[in-house]
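Subject: Structure handover

Hi there,

Here is the structure I promised to pass on to you. Please open it alongside this message, and my notes follow below.

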Amino acid sequence: MFVPAGLHPARAERRQLAQIAQAGADLFEIGLAHHDASLDGPVIQAAYRRALSRGNVLARALRAVEHAAGFRPTVVMTYWDPVSRHGPERLARLLAEAGAVGAMVVDLPDDQAERWQAAAKTANLSTPRLVPRHLADTGLATVAAGASGWLYAPASTAPTGYRGPLDVPALADFTTRLRAASPLPVVSGVGISTPALAERVAPLVDAVVIGTLVVRALMAAPEQAPALTAAFAQALNSYATTETRA
């Protein structure tokens with residue numbers, strides 16, 4: 001489950017994370033707010049603006065990571081600009097000390113990849129990589145070689161929050177290419193806007209990340225977030241049970 005850090009005061013945030021975990025989330029991706037979240041849609045951008053307006057962004061993010069890590073394995077989702085401003089080595093160390101097991105820089109520049117991977121390795125953080133679907137096999141292999149933890153295959157090429165149909169055959173082809181390039185698990189998100197879509201994507205990947213729908217609830221009606229989480233968890237668990245019995 002993707003949750004932006006710093007939307008609510010500490011006590012409320014911890015309660016929300018606990019409820020989402022109890023509702024069926026197996027892992028947390030904590031978003032570090034950024035003013036230019038170019039790969040994200042309007043809901044997550046609005047969430048980041050709210051978090052930025054509250055100030056102390058890094059401190060609140062570290063607190064969110066600490067809270068989340070008390071319930072489930074936790075990774076951080078960030079853009080490169082905050083990593084660069086805080087320093088890759090320092091930020092990696094702070095995230096690890098807060099309890100994160102990994103951090104994914106969604107727009108990691110090619111010329112900074114080696115430095116970031118070294119900093120994360122020193123801090124004992126995994127470095128999942130978002131892999132654009134348009135990459136040729138050579139570029140895909142390069143990205144995969146620098147990843148650890150998993151490879152993130154967006155289900156849609158649109159920004160986060162996309163609510164239209166998914167080209168499931170295209171995603172299947174892409175995940176096949178990823179598995180040929182790397183033994184790492186493949187995770188998918190972006191555009192998986194209903195439990196039914198999550199159940200369709202599940203056979204193609206090792207895990208599914210849900211974000212915008214729950215973020216929208218956390219922004220406007222936090223009490224709805226656990227039920228939304230439970231609906232997706234039930235769909236995914238239903239697939240897993242069916243697969244086991246097959």
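I call a pair a salt bridge when a side-chain nitrogen of Lys or Arg lies within 4 Å of a carboxyl oxygen of Asp or Glu. By that rule, the count here is 6 salt bridges.

Some background before the details. This is a predicted model, in which local features need pLDDT of at least 70 and side-chain atom pairs count only at pLDDT 80 or more, while totals for chains, interfaces and linings use all residues. Residues are numbered from 1 along each chain as its sequence is written, and side-chain values use heavy atoms, with hydrogens and water left out.

Salt bridges

Helices (H or I, at least four residues) and strands (E, at least two) are DSSP runs, numbered from the N terminus. For accessibility, buried means under 20% relative accessible area, exposed over 50%, and partly exposed in between (1.4 Å probe, protein chains only).

- One of the pairs is R63 with E13, with N to O at 3.0 Å. It links distant parts of the chain, 50 residues apart: R63 sits in helix α3 (residues 57-69) and E13 in helix α1 (residues 10-22). Both R63 and E13 are buried.
- E89 pairs with R115, their closest N and O atoms being 2.9 Å apart. E89 belongs to helix α5 (residues 88-98) and R115 to helix α6 (residues 113-122), so this bridge ties together parts that are 26 residues apart in sequence. E89 is partly exposed at 39% relative accessible area, and R115 is partly exposed at 41%.
- D206 and R179 also form a salt bridge, at 3.1 Å from N to O. D206 is in the loop between α9 (195-201) and β8 (207-208), and R179 is in helix α8 (residues 168-181), 27 residues apart. D206 is partly exposed, with a relative accessible area of 48%, and R179 is partly exposed at 37%.

Helix packing

Two packed helices are described by the angle between their axes and the distance between the axes. Axes are lines fitted to C-alpha atoms, for helices over the stretch in contact, with angles from 0 to 180 degrees between N-to-C directions.

What angle do the axes of α2 and α10 make where they cross? Helix α2 (residues 42-53) and helix α10 (residues 212-220) have axes that come within 9 Å and cross at roughly 40°. They are therefore oblique to each other (under 35 degrees counts as roughly parallel, over 145 as roughly antiparallel, 65 to 115 as roughly perpendicular, and the rest as oblique).

Best wishes
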